[in-house]
Amino acid sequence: MTATVVLVLVVVTALAFDFTNGFHDTGNAMATSIATGALAPKTAVILSAILNLVGAFLSVEVALTVTNAVVRIQDKSGAPRPDLLSDGGSALLLIVLAGLCGGIVWNLLTWLLGLPSSSSHALFGGLVGATLVGLGSDGVNWAGDGSKLDGVLGKVVMPALLSPLIAVVVASVGTWLIYRITSGVAARFTEQGCRWGQIGSASLVSLAHGTNDAQKTMGVITLALIAAGHWSDTKAVPLWVKVACAVAIALGTYLGGWRIIRTLGKGLVEISSPQGMAAESSSAAVILASSHLGFALSTTHVATGSILGTGVGRGTEVRWGVAGRMVLAWLITLPAAGVVGATMWVVGHLLGGLLGAATVFGILLALAGWMYARSKRSHVDHTNVNDAWTGTPTSQLEPAGADGSAR
Amino acid sequence: MNNVTLALDGAWKVLLTGLLLGAGLPAIFALGIRALAYGRGGAAEVDAGAPPHPAGQVVGAACFALVLVGVGLGLTFIVASGFGKALAFTPWPTLVAK
């Protein structure tokens, strides 16, 4: 009975993470289309939500081994480590629950500050933190075995350093080329034509996001089910898990992380349709190329780099201050989510069993509620997402966000 | 340090492919717009007195078709990888098992 309740808590938390993953990343695909007016804000989020839903169902392949990138709680086939399975898999469930909490808290905090940051890195950070205190340093896959890109270094640190740079180069070259080629064409004519290119390329980014990101939560939930003895097939995901994850990420996308959309669409550079098209094409191409070559990049880092690149390529003003804040957020994503994950694990472990898991869940709810309440002080939604950029409207939150205490 | 070497090795391939598709296709799209404007003439050009050139329309359409093929390949890639297939270029794009 206890084990079942804990499992339910883990599944609900995983779906909540999937939901935050959705709204955190709406901006990656749609911020530029919203900023240039190619799509009305509501239309953009509906389109992106549908494509994420479709994308999630397209991913038939099983991503059961998703945690193997950074921690050692399952083997290569995806089966959980046997020594974590006593007592209904409670040891493994607590690590997963604490890790998910770390990811969610970081996603919500960065959303509150209007900063795009990688949801996968937040999840990985939470898992690393929980594993580090739960199983010790040996439980963490720091650098893999050296035969392929693996571990915290290969799957998180290196991609985070390289992907924005790649995207900046591709998008700036694309923007420069577009402006060179269309010089002599009436601006309105170019603007209209590029809107179509922009919508098309943004749709590709949304679809790719659905196939990549929903899979991760499906893998985590299935791992929890196997650990608790409610599923045994390491080659398939239960249908209800697939449906639930697809719906959660689509609902999240539809909600739209307006604060992040605003930062990406208006905060970094003033964007035009040709720039929007260059940015989304660059994002789509870099994301697809990297997943084809097995070099896992974060959609968020690529999208942000692409948008910066269009400013560089056109030679317009880039607000490097805003970009700097983002890079800082990326650098501390892993440790910050890790600290939350570790703390949650310690709380859950000390209280133990159902009480521990329920307390962790309660803390998560309290933190989420607090951040939601804070967000009301500077409301951003589809009605004011495109207002002129006047400084960073969320900066007043920084002291509170940075030390985690309310003023 | 293996991860660093492997990452840099992957990065330049991603950069190259990214430039080819992520900057190349938009450039062809822009070429399509350029040709279409040349084809329409008048208000589509900065020089509003430019006469229409029907050939421009044809070239423009060809450019857009090329871009659509590129996007189609991208879509195929996303869908195929979801079903455990991969896109191989031999040199023609074909679907193979992963």
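Thr217(A) is buried, at a relative accessible area of 2%, where buried means under 20% relative accessible area, exposed over 50% and partly exposed in between (1.4 Å probe, protein chains only). The model is a predicted one, in which local features need pLDDT of at least 70 and side-chain atom pairs count only at pLDDT 80 or more, while totals for chains, interfaces and linings use all residues. Residues are numbered from 1 along each chain as its sequence is written, chains are lettered from A and ligands numbered from 1 in the order in which they are written, and side-chain values use heavy atoms, with hydrogens and water left out.

The average pLDDT of chain A (the predictor's confidence in each residue, from 0 to 100) is 87, and 95% of its residues score at least 70. In residues 394-407 of chain A the pLDDT falls below 50, and this stretch has 21 contacts in the model beyond near neighbours in sequence; a contact means heavy atoms within 4.5 Å. Where pLDDT is low, the predicted coordinates should not be read in detail.

Thr217(A) is placed in helix H6 (residues 187-227) of chain A. Helices (H or I, at least four residues) and strands (E, at least two) are DSSP runs, numbered from the N terminus. With neighbours within four places in sequence left aside, Thr217(A) contacts Ala14(A), Leu15(A), Phe17(A), Asp18(A) and Cys245(A).

Ser172(A) belongs to helix H5 (residues 151-181) of chain A and is buried at 14% relative accessibility. Its contacts, apart from neighbours within four places in sequence, are Gly309(A), Thr310(A), Val312(A) and Gly313(A). The C-alpha atoms of Ser172(A) and Ile307(A) are 8.8 Å apart, although 135 residues separate the two along the chain.

Over all chains, three aromatic pairs were found in the whole structure. Rings of Phe, Tyr and Trp (its six-membered ring) pair if their centres lie within 6.5 Å; planes under 30 degrees apart count as stacked, over 60 as edge-to-face and the rest as tilted. Phe23(A) and Trp111(A) form an edge-to-face pair, because their planes stand at 70 degrees, with ring centres 5.8 Å apart. This pair links distant parts of the chain, with Phe23(A) in helix H1 (residues 2-36) of chain A and Trp111(A) in helix H3 (residues 86-112) of chain A, 88 residues apart. Phe23(A) is buried, at 5% relative accessible area, and Trp111(A) is buried, at 13%.

In chain B, Phe29(B) and Phe64(B) make an edge-to-face pair, 5.1 Å from centre to centre and with 65 degrees between the planes. Phe29(B) is in helix H1 (residues 2-40) of chain B and Phe64(B) in helix H2 (residues 54-82) of chain B, 35 residues apart. Phe29(B) is buried at 11% relative accessibility, whereas Phe64(B) is partly exposed at 23%.

Phe19(A), Phe23(A) and Trp111(A) belong to one aromatic cluster. Arg259(A) lies over the face of Trp111(A), 5.5 Å from the ring centre; a charge sits over a ring if NZ of Lys or CZ of Arg is within 6 Å of the ring centre and within 35 degrees of the ring normal.

Between the chains, 42 residues of chain B contact 50 residues of chain A. The two chains bury about 3600 Å² between them, 80% of it on carbon and sulfur atoms; buried area is the accessible area (1.4 Å probe) that two parts lose on being put together, summed over both. Asn3(B), Val14(B) and Ile78(B) supply 17% of the area that chain B buries against chain A, more than any other three residues. Zero salt bridges are counted between chain B and chain A, a salt bridge being a side-chain nitrogen of Lys or Arg within 4 Å of a carboxyl oxygen of Asp or Glu.
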